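Here's a quick briefing on a pocket and on a strand that helps line it. Have a look at the structure first, then read on.

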Amino acid sequence: MADIRAIIAIGQSGQLGLKGAMPWEGNKDRAYVADVARFFDVTRGHVVIAGPTTISAFPEYAYEDRTIVEIRSIHHPEEVFGWFPDRVVYVGGGPVVWDIYAPFIRHWDINRLPYDGEADRWFDPAWLVATAEGA
């Protein structure tokens, strides 16, 4: 089976999103630029699965050195992981995706950024301890 992981950034209070994007989107401060660079470095050579909104945010160059796959609600996690046996698969997205995939994630790489502003999507600590039968 694939090695299932997540790599995410959250704000100081667990902020994940605002109006369909990351609340700090476009911030050029060092911490934010380094976080984006680290994401692309860590996922290089691996698989990234995510919903359509997250996939649409990937720059064209990201497709050159990682496998990026759009997932939909019709795909069961075990089916998706079966597409990539013996690969490292990073689950990207937000609450909707992690609500479904969290029970399968064995490693959470969470970077807390200095952002402490508005958000409409939040990290749920319950994802860290979610379990799935057979996972």
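Which residues lie nearest the centre of the largest pocket? They're Met22, Thr54, Ala57, Gly93 and Gly94, out of a lining of 48 residues. Keep in mind that this is a predicted model.

**The pocket and its lining**
- The largest pocket comes in at a volume of about 1400 Å³.
- Sorted by residue class, its lining splits into 27 nonpolar, 13 polar and eight charged residues.

**Who supplies the lining**
- Helix α1 (30–43) is among the elements that give at least two residues to the lining, and with seven residues α1 makes the largest share.
- Helices α2 (52–56) and α4 (95–101) also put in at least two residues each.

**A closer look at β1**
- β1 runs parallel to β5 (residues 88–91), and three bridges join the two strands.
- In that pairing, Asp3 sits opposite Val88 of β5.
- β1 also runs parallel to β6 (residues 107–112), this time with six bridges between them.
- Here Ile8 has Ile110 in β6 as its bridge partner.
- As a general point, side chains in a regular strand alternate between the two faces of the sheet.

Conventions: Residues numbered from 1 in each chain as written. Predicted model: local features only at pLDDT ≥ 70, side-chain atom pairs only at ≥ 80, totals over all residues. Heavy atoms only, no water. 1 Å grid on protein atoms, 1.4 Å probe; cavity = no way out; pocket = protein on both sides within 12 Å on 5 of 7 lines; lining within 4 Å. Points joined across faces, edges and corners; volume = space filled by probe spheres on them. Helix = DSSP H or I, 4+ residues; strand = E, 2+ residues; numbered from the N terminus. Nonpolar A, V, L, I, M, F, W, Y, C, P; charged D, E, K, R; others polar. Pairing = 2+ DSSP bridges.
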